[in-house]
Amino acid sequence: MPAPTPSLPPLSVLDLAFVPEGATPGRALANSLDLARHAEALGYRRFWLAEHHNMIGIASAATAVAIGHVASGTSRIRVGAGGIMLPNHAPLVIAEQFGTLESLYPGRIDLGLGRAPGTDGLTLRALRRDYGSAERFPQDVLELQALFGPAREGQAVQAVPGTGLKVPLWILGSSLFGAELAGMLGLPYAFASHFAPDALLPALAAYRARFQPSEQLQRPYAMVGINVVAAETDAEARRLFTTPQQQFTRLVRGTRGLLPPPIDDIEASWSPSEKAQASRMLARSLVGSRETVRAGLEALVAETGADEVMVASALYDHGARRASYAILAEAHGGLPADVAPERSAA
């Protein structure tokens, strides 16, 4: 095992409760809880779930419910949203949901907020929202922040529970808009470079340049999202990585599906243009053995100055995904000596 490297920042987990081919959403959610317990034992800091709608391969649409499921089955790891797509919701509803979670699991709940709808236009209308709601995102963040603050004299509407709980807010983004907003509001910022890496460095620079200290945060705190597929050998990891490669190819094609198994020849499954587009979205991916992943992680932190790294791993086999996070923890140097016994998801 590599020697610990104190300079490396904490690691966290981003999960979408992926539904593999041949499985059900119920099994996917059970796997999420099992993975969260595994990550907690390995020393990961957070376990976040993301809101997506009308996607048959993702089971985390009712994100607050999924967070409660994970929080109830863990004891230390922070659990939260990575994120809630705030334009889909009234701020009061989110304040009540996350105020309830914070009341049930005090000191363990995070609320990451995104501006995108997390779905297509038709589903957006089915959610009773409109495209213009995204333009109110800054005002909605401020409203949500106020709902978590102390009650003011004469305040007619309160979040119950929620008022006074000060649930930590994060701004999520893949462009300069979210980076600048997070900086101006003095909130921690998470960049979605696991699927939209192009603006990563400019966004981090904008966030740090615009940062204003706040009650929640005195100094900039930037989290960088990446894909990691770790295995015993580089070759094995590259084969496992064909699952997210197929998944992103489907995004390029505008199709949906369950999470596919790995394949032996990825080149036969995509056209040159599809390969270029999918590979561009997956550019911030670390794929390989302990040594390969360790070197990539060190390079990423040196390049970005990330305060924390959030890891996504869309693997078909749940056992391979568990192993990937364990190998990454070893490569990072954060695997504790008293790793908890493995627990079944059943």
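Student: How many Å separate the centres of domain 1 and domain 2, taken over C-alpha atoms?

Tutor: Please note that this model is predicted. The centres of the two domains, taken over C-alpha atoms, are separated by 22 Å. According to the domain assignment, domain 1 comprises 9-151 + 158-226 + 302-324, and domain 2 comprises 227-301 + 325-334.

Student: How many residues of domain 1 are in contact with domain 2?

Tutor: Contact means heavy atoms within 4.5 Å. Here, 45 residues of domain 1 touch 35 residues of domain 2 in this sense.

Student: At what angle do helix α3 and helix α5 pack?

Tutor: Helix α3 (residues 91-104) packs against helix α5 (residues 137-148) at about 40 degrees, and their axes lie 9 Å apart. That angle makes α3 oblique to α5. The two helices form a right-handed crossing.

Student: Which residues make this contact?

Tutor: From α3 come Pro-91, Leu-92, Ile-94, Ala-95, Phe-98 and Gly-99, while α5 supplies Asp-140, Glu-143, Leu-144, Leu-147 and Phe-148.

Student: How many residues of helix α2 are buried?

Tutor: A residue is called buried when its relative accessible area is under 20%. Helix α2 (residues 63-72) is mostly covered, with seven of its 10 residues buried. These are Thr-63, Ala-64, Ala-66, Ile-67, Gly-68, Val-70 and Ala-71.

Student: What do the buried residues of α2 pack against?

Tutor: Their partners are α1 (25-42), β2 (46-49), β3 (78-85), α3 and β4 (109-114).

Terms used:
Residues numbered from 1 in each chain as written. Predicted model: local features only at pLDDT ≥ 70, side-chain atom pairs only at ≥ 80, totals over all residues. Heavy atoms only, no water. Axes fitted to C-alpha atoms, helices over the stretch in contact; angles between N-to-C directions. Helix = DSSP H or I, 4+ residues; strand = E, 2+ residues; numbered from the N terminus. Parallel < 35°, antiparallel > 145°, perpendicular 65-115°, else oblique. Left-handed = near helix turned anticlockwise from the far one by under 90°. Buried < 20%, exposed > 50% of the residue type's maximum accessible area, 1.4 Å probe, protein only. Domains from an automatic or database assignment.
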